[in-house]
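Here are my notes for you on how this chain is put together. Have the structure open while you go through the points.

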Amino acid sequence: MYNMSICTIKFSTNILQPRMVVARLSCRLKNGSVGIGHCTKVPRNANMEKLQHGYLFPEIERHEVMHLEKYPHANIIDLGIGDTTEPLPTIVTTSMVDFVHGLSTRKGYKGYGPEQGEKALRKEITDVFYKDLGIKPTEVFVSDGAQCDITRLQLLMGPNLKIAVQDPSFPAYIDSSVIIGRAGEFVDKAGKYKNIEYMKCGPQTNFFPDLSTTSRPDIIFFCSPNNPTGHAATRKQLEQLVDFAKVNGSIIIFDSAYSAYITDDSPKSIFEIPGAREVAIEVSSFSKFAGFTGVRLGWTVIPEELLYSNGFPVVHDFNRIVCTCFNGASNIAQAGGLACLSSKGFRAVKSLAAYYMENARILVNALGSLGLTVYGGKNAPYVWVHFPGSKSWNVFAEILEKTHMITVPGSGFGPGGEEYIRISAFGPRQSIIEASQRLKHLLYQEDN
Ligand SMILES: Cc1ncc(COP(=O)(O)O)c(C=O)c1O
């Protein structure tokens with residue numbers, strides 16, 4: 001929204017069209033950015049106008065850039081965004097290289113593939129991730145990543161629905177709901193949008209919502225292991241969630257992007273829960289499981305039994321969305337994905353996950369030794385640290401200023417993240433050790 005009090009409008013006469021006056025705007029927007037150029041007559045999408053600030057992670061990057069301007073020689077350790085850093089196993093890259101070479105031969109060239117993904121990969125996904133869970137390859141849609149699928153699912157469901165999200169949660173669920181037009185106004189004081197049900201998931205309730213006080217949503221976004229808290233929902237919790245969805249006639253969109261990091265017996269898929277096929281969709285990703293954040297590959301599962309209120313199968317509509325709005329994942333990425341799911345490839349990518357989880361252990365130990373309350377780090381490579389009574393953006397700023405470390409302020413994941421910061425365990429081991437030492441130094445100094 002333009003803040004007109006600080007908006008300056010300059011008019012310049014266009015010499016070729018003397019009677020036409022071209023308005024040139026130099027407007028400071030409410031969020032601080034500046035629009036300079038020619039104003040069309042196209043109004044801004046009112047839903048985009050509702051979005052608060054920038055998307056969280058570019059916002060964090062902005063702080064990093066400002067910090068580097070202030071301290072050009074700072075050795076920054078970035079444990080913020082949660083990007084993978086370890087090189088891909090050669091078995092995976094070799095398969096992509098071979099595929100690419102094939103593309104320059106008549107025999108190996110391939111153009112468009114099936115919009116839903118290569119048959120072999122859809123089958124491997126069901127065999128590896130959904131063994132004995134009754135998922136058919138035709139219910140699996142290969143994609144260019146979970147985040148893109150979340151948006152395609154929003155498009156599928158349309159604007160007029162009520163959604164519920166864990167609070168705190170991965171910001172894409174709320175932001176894409178706002179963009180599609182499901183949110184009311186943002187209430188600054190509460191840090192929440194109207195018409196979105198924020199289901200508080202803090203340590204008091206073992207990071208699970210109090211469903212007895214949750215009003216009926218159409219769609220429930222649920223992420224396990226959760227980003228940012230690192231909590232993997234227990235079987236009992238997920239049974240309650242599936243029951244709740246069934247009773248309320250809701251659909252769960254279950255994000256299992258971090259399931260490869262589960263080390264205990266928590267379910268890795270919502271489809272481990274009886275009855276979930278009738279109420280749930282699952283989105284997942286090769287990003288964190290196999291280091292494909294840049295390669296881009298993911299998938300969504302929509303069971304045939306999942307029906308709209310009029311009895312129409314959701315899977316048919318999603319197929320239509322995928323064919324109309326997507327056209328299929330890169331065949332090079334799919335070749336890499338297939339290699340990840342071979343037995344040798346799977347072992348290799350599993351060892352990447354083990355590496356990041358050892359990082360998480362180091363961070364948890366370092367922070368725990370300072371007497372801080374630390375969650376996560378056991379079933380997900382995120383460490384969720386409590387700073388009682390502090391604003392999370394202030395903690396983020398102080399850590400950046402004094403240790404040159406990037407973390408993420410918990411409130412960026414929703415009001416339930418206030419007083420927390422998230423530290424990512426994705427990073428080279430040396431950086432994790434160095435980060436632990438810097439934090440110990442900072443926090444020890446502050447205590448004494
Ligand atoms: C919970 C969650 N879901 C989805 C994504 C995005 O995954 P992708 O890289 O497959 O788009 C992320 C990325 O950090 C995430 O944390």
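**Domains and the core between them**

1. Let's start with the division of the protein chain: domain 1 covers 2-42, domain 2 covers 56-87 + 347-447, and domain 3 covers 90-344. These bounds come from an automatic or database domain assignment. Residues are numbered from 1 along each chain as its sequence is written. Keep in mind that this is a predicted model, where local features need pLDDT of at least 70, side-chain atom pairs count only at pLDDT 80 or more, and totals for chains, interfaces and linings use all residues.

2. Now look at domains 2 and 3. Their centres, taken over C-alpha atoms, are 26 Å apart. Across the boundary, 30 residues of domain 2 are in contact with 35 residues of domain 3 (C-beta atoms, placed from the backbone, within 7 Å).

3. Which elements give two or more residues to domain 2's side of this boundary? They are helix H11 (343-368), strand S14 (373-376) and strand S15 (382-386); helices (H or I, at least four residues) and strands (E, at least two) are DSSP runs numbered from the N terminus. H11 brings the largest share, six residues.

4. Next, the inside. The largest nonpolar core holds 113 residues; such a core is a set of buried Ala, Val, Leu, Ile, Met, Phe, Trp, Tyr and Cys residues joined through C-beta atoms within 7 Å, and buried means 20 or more other C-beta atoms within 10 Å of a residue's own. H11 turns up again, giving the most to this core with nine residues. Domain 2 and domain 3 both contribute residues, so the core lies between them.

5. Leaving aside neighbours within four places in sequence, Val165 is in contact with Tyr173, Ile174, Ile196, Tyr198, Met199 and Phe221.

Conventions: Two residues are in contact if their C-beta atoms, placed from the backbone, lie within 7 Å. A residue is buried if 20 or more other C-beta atoms lie within 10 Å of its own, exposed if 12 or fewer, and partly exposed in between; C-beta atoms are placed from the backbone.
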